[in-house]
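Here is a short briefing for anyone meeting this structure for the first time. Please keep the sequence and the 3D view at hand while you read.

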Amino acid sequence: MHGTIDIAHNERLRAAREKAYAMPLADFHPGAPELFRSDTLWPYFERLRNEEPVHYCTTCPVGDYWSVTKYNDIMHVDTNPAIFSSDVRLGGISLRDVTENYNWPSFIAMDEPKHGPQRKTVQPMFTPSHLDRLAVLIRERSAEILDNLPRNETFNWVERVSIELTTQMLATLFDFPWEDRRKLTRWSDLATALPKSGIYDSEEQRLAELGECADYFTRLWNERVNADPRSDLISMMAHSDATRHMNRDELLGNLILLIVGGNDTTRNSMTGSVLALNENPREYDKLRANHALIDSFVPEVIRWQTPLAHMRRTALQDTELGGKLIKKGDRVVMWYVSGNRDGEVIENPDSFIVDRARPRTHMSFGFGIHRCVGMRLAELQLKIIWEEILKRFDNIEVVGEPRRIYSSFVKGYEALPVRIPG
């Protein structure tokens with residue numbers, strides 16, 4: 001079955017390559033969500049890296065933007081927050097400006113001096129000693145989820161494993177009512193979904209559901225602020241000087257950031273790992289033969305998948321990059337998904353290699369002041385789930401095309417049909 005999937009995928013890529021190389025660069029809109037849903041983005045970014053690494057798009061329905069596609073240029077933008085702003089009031093961190101009535105700021109969409117103290121509030125969750133405690137829990141839950149999977153029968157890996165495991169983890173981080181944990185998944189999907197994604201019917205509906213999220217968390221916040229400090233994220237924020245006086249909107253903004261950060265990245269890397277090994281059976285053999293390779297396999301998956309394809313900034317002043325003049329107020333999009341395939345920095349970047357020599361040379365977690373605060377937890381979850389998978393199953397076989405998300409921000413999956421031989 002997998003051979004047929006590969007043939008169809010290769011055929012799609014071949015057609016996309018022809019189209020990408022025939023189209024004038026002036027017509028490129030590399031942020032078109034359909035390129036990501038069909039997994040045909042690669043030749044467009046390859047051509048931009050080679051021919052116009054800093055590219056201005058004038059064909060995007062939601063506004064013009066600069067694409068930064070090479071590793072070192074992206075690094076320059078990411079580590080210069082005084083020139084390139086994340087502030088939600090200037091448009092925020094994704095290619096599409098936040099909607100006019102979006103008023104939920106979070107520390108990822110803030111500049112200094114406000115950003116640092118808010119971010120610091122949640123950092124204790126990700127200290128080595130706290131991660132050691134979480135590891136025990138992750139292992140127990142991974143084992144339970146894997147032991148309950150069907151044999152010799154097709155099921156959706158995204159639903160049964162990736163979503164369930166990451167949602168359980170989120171419920172733990174927030175000390176969120178266990179029976180309601182799937183609400184976290186829904187809110188995460190809503191927070192990042194595009195109008196044509198099929199996830200919601202209208203912007204009114206989306207905002208109403210996110211309002212329910214705010215109500216739910218406000219209730220939890222009020223309980224925790226009046227109780228003794230505990231080691232969950234809500235309690236940490238409720239008892240920290242930097243965040244305890246947040247209004248309802250700021251509270252929701254930061255909670256959505258933590259939900260999306262803890263959900264999308266891990267869940268899509270977990271799914272991407274199964275797909276990558278199926279597409280590269282020789283690498284799967286290497287991993288089966290030597291479980292110690294999990295340590296290099298995990299960051300390689302995160303590079304290969306790049307669960308957040310881009311981050312956007314807004315220029316605070318006129319500046320030059322790659323020989324181009326970027327004007328104050330321009331949107332600047334850092335394509336991590338392209339930087340992770342830059343052959344000038346990463347050797348053999350289009351290959352998935354489980355024993356890669358320097359697997360941590362990737363940009364999936366960003367750089368500078370906004371580098372992902374939960375990156376060690378994301379790696380830990382992937383490491384543990386694969387340690388447990390390799391103990392149990394000789395093979396997880398992909399038996400149908402993955403269904404990808406309609407988004408050029410979250411690079412993820414709605415479904416991955418798999419079968420575990422009995």
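Glu 397 stands opposite Arg 419 in β12, and 2 bridges join β9 to this strand β12 (residues 417-419), the two running antiparallel. This is a predicted model, in which local features need pLDDT of at least 70 and side-chain atom pairs count only at pLDDT 80 or more, while totals for chains, interfaces and linings use all residues. Residues are numbered from 1 along each chain as its sequence is written, and side-chain values use heavy atoms, with hydrogens and water left out.

**The three-stranded sheet**

- Strands β4, β12 and β9 form an open sheet in the order β4-β12-β9, with antiparallel pairing.
- The edges of this sheet are β4 (155-156) and β9 (397-398), each of which pairs on one side only.
- Two strands count as paired if DSSP finds at least two bridges between them.
- Helices (H or I, at least four residues) and strands (E, at least two) are DSSP runs, numbered from the N terminus.

**The five-stranded sheet**

- Another open sheet has 5 strands in the order β1-β2-β8-β5-β3, and its pairing is mixed.
- β1 (54-57) and β3 (84-85) stand at the edges with a single partner strand each, so one side of each has no neighbour in the sheet.
- As background, strands of a sheet pair through backbone hydrogen bonds, either parallel or antiparallel.
- Strand β2 (residues 65-68) runs parallel to β8, and 3 bridges join them.
- Within that pairing, Trp 66 has Val 332 as its bridge partner, and Val 68 stands opposite Met 334.
- Strand β5 (residues 310-315) runs antiparallel to β8, joined to it by 5 bridges.
- On this side, Arg 312 has Val 333 of β8 as its bridge partner.

**A closer look at β8**

- How many residues of strand β8 are buried? The count is 5 of the 5 (residues 331-335), so the strand is largely enclosed by the rest of the structure.
- Here, buried means under 20% relative accessible area, exposed means over 50%, and partly exposed lies in between (1.4 Å probe, protein chains only).
- In a regular strand the side chains alternate between the two faces of the sheet.
- In β8, Arg 331, Val 333 and Trp 335 point one way, while Val 332 and Met 334 point the other way.

- Ser 86 is found in the loop between β3 and α5 (115-122).
- Is Ser 86 buried or exposed? Its relative accessibility is 1%, so Ser 86 counts as buried.
- Beyond its neighbours within four places in sequence, Ser 86 is in contact with several residues, including Gly 92, Ile 93, Arg 313 and His 370.
- A contact means heavy atoms within 4.5 Å.
- Asp 111 is also in contact with Ser 86; the two are 25 residues apart in sequence, and their C-alpha atoms are 6.1 Å apart in space.
- Pro 113 lies in the loop between β3 and α5 as well, and a cis peptide bond joins Glu 112 to Pro 113, with omega about 10°.

**Backbone points to look for**

- Most residues other than glycine have a negative phi, and most peptide bonds are trans.
- Asn 152, in the loop between α6 (128-147) and β4, has a positive phi near 55° without being a glycine.
- Asn 348 also has a positive phi, of about 50°, and its place is in the loop between α14 (336-339) and α15 (375-392).
- With 44% relative accessibility, Asn 348 counts as partly exposed.

**The chain as a whole**

- The secondary structure comes to 15 helices and 12 strands.
- The C-alpha atoms fill a box of roughly 60 × 60 × 40 Å along the principal axes.
- Buried residues make up 60% of the 422 residues.
- Of the contacts with a separation of 6 or more, 71% are between residues 24 or more positions apart.
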